[in-house]
Amino acid sequence: MKGGKYFDPEIEPMERSHLEKLQMERLQWQLKRCYELSPFYRERFKKAGIKPEDIRSLGEIVHIPPVTKAELREEQVAHPPFGRYVVAPREDWAELHPSTGTTGVPVNTIWSHGDVKAIASWTARTMWNFGVRPSDIVQNAFSYGLWIAGMSTHYASQMLKCFVVPIGAAMTERQVDYLLNPGSTVLLCTPSYALHIAERLAHRGISPGDIPLRRGCFGGEGGTEVPATRNKIEEGLGIDAFDYYGLTEIGPTISSECEEKAGLHWVEDHVLIEAINPDTKETCQPGEVGVLVMTHLTKEAVPMIRYWTNDLASLTIEKCACGRTHARSVGGILGRADDMIIYKGAKFYPIQVEKVVRGFSELSDEFRIELAKDERRGTDTCTVVVEQLAEKGETALLAAALKKGLKEELLVTPEVAIKPHGSLERTTFKAKRIVDNRKK
Ligand SMILES: [Zn+2]
């Protein structure tokens, strides 16, 4: 392990021109091996009339057609169990990690032994980024096993020489117990689970000042960078809260916030990141929100060449105040392109509803967006369901204020349903925010 301000002082503050040179060398290596060893990629390249040597600069990568999750799924069905984009030989395979299947049949992904090492190393970097140090007690409440984040942060915590509590995303009362004894100093989980743990802590009458926890990093779903959500987590647990992001097809924990809280920092020496306008398919300007498209520069087993993530964010290559030069997504992941809700002609994302709901101290942290059909009128209905904390405020006034807040943020007014605290189901994993009853 290295040390000081950066986990990897040669890579993290690297001059952009040097970083881009490194990326280009790695990209050429990756394109060549995919073309030679993967019939899946070779066919796609031929169809597009491209050879690896035609890509002579990073910008020219846009000529390669993006790969979607649906295409990976089709490929695995046609060529089970892993598709023809596995490039590493069988003896190099180390771990199987399917996607969570939240959007259909899970897609299988393989990590080679080399991939496991690289993942552990970049995850250690992303943890160092938000202030984890060797003496920390890491309470790892990311789901273990098939899901990628539990394993990667576990390996990385070992690499950082931390003391790990490998509890996983379960047993909420014991989460609280371990915060007291041995007194974890770092908590890792989804932001919705962090709020749930904070709720239990308060319920047991434990003040955040009574536990040694000092920071947490929260991923698996968006929200940590929504100011009201971050405040709730920070106040509820008495910590600094940071954002975390990764995805099965590309890899876990490929970006985290630094202590400046200035957006997700990417590990650009391992993954080439683009933001693409979903309508024009052109590269976004710095700061413009688009779909993130990612290319593996070092992945051995199942490299992705221009994977269309469907996750929306902007990119900037402006150097962070922390001195790191890798691209950042300020404001984090803003939603999934397929989570976009179109209601009465307005388009919005669940994260915008979250921003409004979390601004009300009278409401709990849970909410749902319920979509249904008004059969009589033949139109869609959209209801934001929230929970009122028992002792706070008058319900009718609260409903009116919430409607007003939602209208300002969404530019359209959904219906509002206020329920008693505890009505909505809590989750230890990814929160389900949209309930779509229109197709039933
Ligand atoms: Zn920074």
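1. At what angle do helix 6 and helix 7 pack, and how far apart are their axes? In this predicted model, helix 6 (residues 172–180) and helix 7 (residues 191–203) pack at an angle of about 75°, and their axes are 9 Å apart. Helix 6 is therefore roughly perpendicular to helix 7; angles of 65 to 115 degrees count as roughly perpendicular, under 35 as roughly parallel, over 145 as roughly antiparallel and the rest as oblique. The axes are lines fitted to C-alpha atoms, for helices over the stretch in contact, and angles run from 0 to 180 degrees between N-to-C directions.

2. A note on conventions follows. The model is predicted: local features need pLDDT of at least 70, side-chain atom pairs count only at pLDDT 80 or more, and totals for chains, interfaces and linings use all residues. Residues are numbered from 1 along each chain as its sequence is written, and side-chain values use heavy atoms, with hydrogens and water left out. Helices (H or I, at least four residues) and strands (E, at least two) are DSSP runs, numbered from the N terminus.

3. The contact between the two helices involves Thr172, Glu173, Gln175, Val176 and Leu179 of helix 6, together with Tyr193, His196, Ile197, Arg200 and Leu201 of helix 7. Contact means heavy atoms within 4.5 Å. By type, the residues of this contact divide into five nonpolar, three polar and two charged.

4. Two strands pair if DSSP finds at least two bridges between them.

5. Strand 12 (residues 307–313) is joined to strand 14 by two bridges, and Asp311 stands opposite Arg336 in strand 14. Strand 11 (residues 290–296) pairs with strand 12 in the antiparallel sense over four bridges, with Met294 opposite Tyr307.

6. Strand 12 is mostly covered, as seven of its seven residues are buried; buried means under 20% relative accessible area, exposed over 50%, and partly exposed in between (1.4 Å probe, protein chains only). In a regular strand the side chains alternate between the two faces of the sheet. Here Tyr307, Thr309, Asp311 and Ala313 point one way, while Trp308, Asn310 and Leu312 point the other way.

7. A second topic is the open sheet of four strands in the order 19-18-17-20, which has mixed pairing. Strand 19 (415–420) and strand 20 are its edge strands, each pairing on one side only. From one strand to the next the twist averages 25°. Strand 17 and strand 18 run antiparallel and are joined by nine bridges, and Leu371 stands opposite Cys382 in strand 18.

8. How many of the eight residues of helix 9 are buried? Seven are, so helix 9 (residues 350–357) is largely enclosed by the rest of the structure. Among the buried residues are Pro350, Ile351 and Val353. The buried residues pack against several elements, including helix 8 (227–237), strand 17 (363–374), strand 18 (379–388) and helix 10 (395–410).

9. The structure holds zero disulfides, a disulfide being a pair of cysteine sulfur atoms within 2.5 Å. Cys258 is buried, with a relative accessible area of 1%, and Cys320 is buried, at 4%.

Note on methods: Ala, Val, Leu, Ile, Met, Phe, Trp, Tyr, Cys and Pro count as nonpolar, Asp, Glu, Lys and Arg as charged, and the others, Gly among them, as polar.
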